[in-house]
Amino acid sequence: MKVMLINPKFRLPIDTRTTPHLGLAYLAAVSERRGDEVFLFDADVEDEHVTDAVRRYQPDVVGITANTPQVKQAWRTAQAIKSIKDVPIVIGGPHPSVIPLESAERPEIDVVARGEGEEIWLAVCEAVEKGLAAKPAFTAHDMLDPQAKHLSHILGITFRTNDGQMHNHPDHPPVADLDSLPWPAYHVFKMDRYTNLQPATDAIEGARSFSVLTSRGCPYRCTFCSQSIMPQKWRARSAESVLAEWRHLVEELGAQEIGVLDDSANIKVDRLMDLADLLIENKLNHVPWIFVNGIRANLASRELLGKLKAAGLKRTAFGVESGDPDILLSIDKKIDHDTIRRAFKNAKEVGLETIGFFIIGLPGETEETMERTIQFAIELDPMIANFSMLTPYPGTAVYEIAKRQGRILVEDWEDYVFFEGKARYEMGEMSAELIERKWRESYRRFYLRPSRVLRIVTRKDFWINWRRTFRMAFRTLFPREEKTELKKAVEASV
Ligand code: B12
Ligand code: SF4
């Protein structure tokens with residue numbers, strides 16, 4: 001069967017990285033293992049129009065991914081495809097998982113897949129294949145025939161049959177054994193069109209950068225994090241399974257850097273120690289790797305970080321979020337400032353570069369608490385400080401708080417991005433003006449310190465990358481017009 005997987009176009013207003021979509025890479029891999037032919041269309045890097053691609057490829061089933069700011073473009077893409085062919089279209093990803101009915105009600109969307117997608121995707125593909133076997137011109141309309149019950153046995157989906165009846169099936173259980181999944185299918189991506197993992201910091205010419213997921217889920221429930229849509233249970237791959245994939249990336253795909261994308265990779269410290277030992281023993285520690293999304297600071301001992309450094313870890317992020325003790329307590333991060341201080345100290349002592357994630361505008365903040373966050377960032381002094389304005393994503397606890405006790409200022413899902421210099425909600429005394437002012441101040445005060453400027457300009461990568469770095473800095477501080485132009489360009493692309 002011919003399957004087409006689509007990442008809808010969504011360029012952030014800043015010059016961020018573009019990397020192959022790991023979720024789609026997993027879906028492509030399970031499809032190929034089933035024997036399907038896969039066409040991956042990543043609108044961020046394609047030259048072709050999606051409709052031309054569909055006319056040429058004639059897929060039997062289409063899967064589209066969507067996070068919140070992407071979802072409208074996903075619908076536009078589905079509409080454009082439906083104007084050519086009534087092929088079954090499945091949408092999945094963080095946004096439709098949280099608000100499935102919104103997408104299921106749209107005529108251009110046939111099935112919404114909620115949560116982890118591999119097993120659900122396979123089940124829908126099998127249903128389509130059965131339909132095609134019985135009727136070669138099988139369409140989405142045939143699939144949604146209420147009498148035929150093509151989808152009635154599939155868990156984790158929401159869809160509307162032709163009689164108008166909405167079906168919201170119970171959740172699909174998460175993948176029980178992550179080692180049983182095939183490795184992400186990178187060969188379906190146009191790998192030479194992507195950036196390296198952190199282009200603002202590292203200059204790697206023609207980078208071959210890959211992402212690895214060594215665990216899924218997170219046992220924590222921070223109030224601002226969309227992780228709450230994933231199964232609470234944290235599950236990990238064995239160190240041996242990760243090693244085998246790592247060897248494949250380095251020896252067969254020529255990886256020059258690897259990004260570990262786990263939400264919380266260090267929940268089981270022994271497993272990471274084992275992985276580090278295996279990477280060292282198997283001489284795979286010469287390729288630098290990064291914990292892109294942060295590891296838990298309360299589980300980042302000097303011993304663990306030292307071992308990981310020896311295994312090739314170059315840089316690690318920590319989610320710090322706030323410099324104010326009460327705000328930190330209120331977001332259920334389950335961590336305190338001394339633990340965070342220790343984690344940064346440990347990382348620096350073993351020679352790791354550090355990234356700190358900070359949030360400006362959490363519920364209950366005042367000018368003083370935001371000030372503490374800026375000061376704490378300066379005290380920790382990570383190599384990269386990333387300040388986000390709190391964006392209340394649907395499904396999160398802060399979304400409910402902002403809706404009940406505050407005023408959400410964004411109506412368009414496309415504006416649910418957090419590097420745009422625009423506050424997304426106001427609450428009590430916390431005005432949009434205050435959030436925006438302190439956010440701009442955070443970047444200025446962190447990066448424009450003389451010691452920091454000196455450190456940046458003495459890095460070799462800065463000079464290789466200086467044009468891009470200046471462009472990013474400019475767009476971070478003066479983003480508005482760019483966004484309008486971008487929005488028009490994105491809409492025009494389907
Ligand atoms: C890496 C990452 C990025 C990278 C790369 C994104 C990419 N190309 O994949 C970068 C840095 C560019 C990025 C940017 C943003 N990100 Co981001 N990102 C992540 C992160 C940490 C990992 C993504 C990943 O690979 N997951 C692992 C794979 C296996 O999971 P998956 O992609 O979700 O796919 C699975 C299921 O969702 C499902 N599925 C997905 N698509 C489909 C489609 C079909 C047809 C089916 C059946 C199933 C299905 O099946 C997949 C396999 O199980 C996630 C957190 C997380 N844990 O997922 C946040 C996350 C996805 N990002 C998030 C956000 C908010 C953003 C930004 C909007 C932030 C911003 N700057 O404003 C931007 C948007 C950029 C864009 N272009 O869309 C939120 C999304 C929340 C939401 N409601 O949408 C998340 C969940 C973080 C969080 N915890 O809050 N991100
Ligand atoms: S912010 Fe990190 S620790 Fe908190 S729920 Fe999200 S992934 Fe887990």
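Reader: If a residue counts as near a molecule or strand when its C-beta atom, placed from the backbone, lies within 6 Å of it, which residues come nearest to ligand 1?

Author: G23, G63, N67, G92 and G117, out of 39 around ligand 1. This is a predicted model, where local features need pLDDT of at least 70, side-chain atom pairs count only at pLDDT 80 or more, and totals for chains, interfaces and linings use all residues. Residues are numbered from 1 along each chain as its sequence is written, with chains lettered from A and ligands numbered from 1 in the order written.

Reader: Which helix gives the largest share of that shell?

Author: Helix 1 (22-34), with four residues. Helices (H or I, at least four residues) and strands (E, at least two) are DSSP runs numbered from the N terminus. Strand 3 (61-65), strand 4 (89-92), helix 4 (94-98) and helix 6 (118-134) each supply at least two.

Reader: Why does ligand 1 lie between the domains?

Author: Because domain 1 (2-168) and domain 2 (195-492) both give residues to its shell; the bounds come from an automatic or database assignment.

Reader: New topic. Which way do the residues of strand 8 point?

Author: In strand 8 (residues 209-212), S209 and S211 point one way, F210 and V212 the other. All are buried (20 or more other C-beta atoms, placed from the backbone, within 10 Å of their own).

Reader: What does strand 8 run parallel to?

Author: Strand 11 (residues 257-260), through four bridges; strands pair if DSSP finds at least two. There, G259 is the bridge partner of S211.

Terms used
Buried ≥ 20, exposed ≤ 12 C-beta atoms within 10 Å, placed from the backbone. Near = placed C-beta within 6 Å.
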